[in-house]
Amino acid sequence: MEWIQQLVNGISLGSIYALIALGYTMVYGIIKLINFAHGDVFMLGAFIGFYAIARWDMHFIPALILAMALCAVIGVIIERVAYKRLRNATRIAALITAIGVSLLIEYTVIFFRGPSPEAYPKVIENKTIEILGAQIGVQSILILVISFVLMMLLQFIVHQTKIGKAMRAVSHDADAARLMGINVDNTISATFAIGSALAGAAGVIFGIYYTRIDPLMGVLPGLKAFVAAVLGGIGIIPGAMVGGLVLGVVETIVSALGYSLWRDAAAFVILILILIIRPSGIFGKNTREKV
């Protein structure tokens, strides 16, 4: 029964990683950029949710929606100000810019509110429900439900809507999409908006689950979400979901076996192994590039 509890906890943690990883993989799939500022958008979402609940007396769901909306706007601003000018620049220039944007966000937040952590307000009573003899927390179930709904909503947007069709077209061939009348700039901005909104939702969920947030909280979850995206196959949306869930379960199992000090290292061991054994990821395919 304890292993069932650990499995549910791992899937709950993995769903947070999956929501962040979706932003990484969507942006990479469109413009081949690793947006290392994405983890800090996750941090901003956590703080927006905190202020909405603690200072403005909003309930959990309205605070979640507000965090998603504001993070979507922030994501578009980051893309238009920092990345749009670098579309035709070298990969290393875009990568260095992404790291610079990440540091700018972190230390801007520290400048305005200080580096001290905040305790997230309790908005959900963490009661337990007995399932198959295991005691499962209500918070874990709520996180799973919200994450599942958001992931299914993303799948619907990508496969059933006009903007989703445009995103898939731009990902396949931006020049051909432009010739077919697709506004590539707006499509890229929409991709950043959707990915950032999911990161904002993950931030609020993370705050409720772990009850402690700080301005540098986005660094490690952001890196782990990047590992999850690579594990599933960078640029592949179902891969990011599966990679996040696998990573969360592995971390929880490592902790349950008594090696809690190694749980963070487990993510990077997985990254090393996947790069050695299958660099394209679980769902990725090896493709040849024309020289």
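Which residues form one aromatic cluster? They are Phe-42, Phe-206, Tyr-209 and Tyr-210. Keep in mind that this is a predicted model, where local features need pLDDT of at least 70 and side-chain atom pairs count only at pLDDT 80 or more, while totals for chains, interfaces and linings use all residues. Residues are numbered from 1 along each chain as its sequence is written, and side-chain values use heavy atoms, with hydrogens and water left out.

**Two packed helices**

- Helix α6 (residues 162–172) packs with helix α8 (residues 184–210) at an angle of about 110°, and their axes are 10 Å apart. Helices here are DSSP runs (H or I, at least four residues), numbered from the N terminus. The axes are lines fitted to C-alpha atoms over the stretch in contact, and angles run from 0 to 180 degrees between N-to-C directions.
- That angle makes α6 roughly perpendicular to α8 (the term covers 65 to 115 degrees).
- On the α6 side, the contact (heavy atoms within 4.5 Å) is made by Ile-163, Ala-166, Met-167 and Val-170. From α8 come Val-184, Thr-187, Ala-190, Thr-191 and Ile-194.
- Sort the contact of α6 with α8 by class and you get seven nonpolar, two polar and no charged residues. Ala, Val, Leu, Ile, Met, Phe, Trp, Tyr, Cys and Pro count as nonpolar, Asp, Glu, Lys and Arg as charged, and the others, Gly among them, as polar.

**Aromatic rings**

- The count comes to ten aromatic pairs, where rings of Phe, Tyr and Trp (its six-membered ring) pair if their centres lie within 6.5 Å.
- Take Tyr-83 and Phe-192: their ring centres are 5.7 Å apart and their planes are at 40°, so the pair is tilted (planes under 30 degrees apart count as stacked, over 60 as edge-to-face and the rest as tilted).
- This pair links distant parts of the chain, with Tyr-83 in helix α3 (residues 60–83) and Phe-192 in helix α8, 109 residues apart.
- Both Tyr-83 and Phe-192 are buried (under 20% relative accessible area, with a 1.4 Å probe and protein chains only).

**Two loop residues**

- Lys-32 lies in the loop between α1 (2–31) and α2 (38–54). Lys-32 is partly exposed, with a relative accessible area of 34% (between 20% and 50%).
- The charged end of Lys-32 sits over the ring of Tyr-28, 5.8 Å from its centre (NZ of Lys must be within 6 Å of the ring centre and within 35 degrees of the ring normal).
- Phi of Lys-32 is near 55°, which is positive in a residue other than glycine.
- Asp-57 is in the loop between α2 and α3, and its phi is near 55°. Asp-57 is exposed, with a relative accessible area of 65% (exposed is over 50%).

Terms used. Angles under 35 degrees count as roughly parallel, over 145 as roughly antiparallel, 65 to 115 as roughly perpendicular and the rest as oblique.
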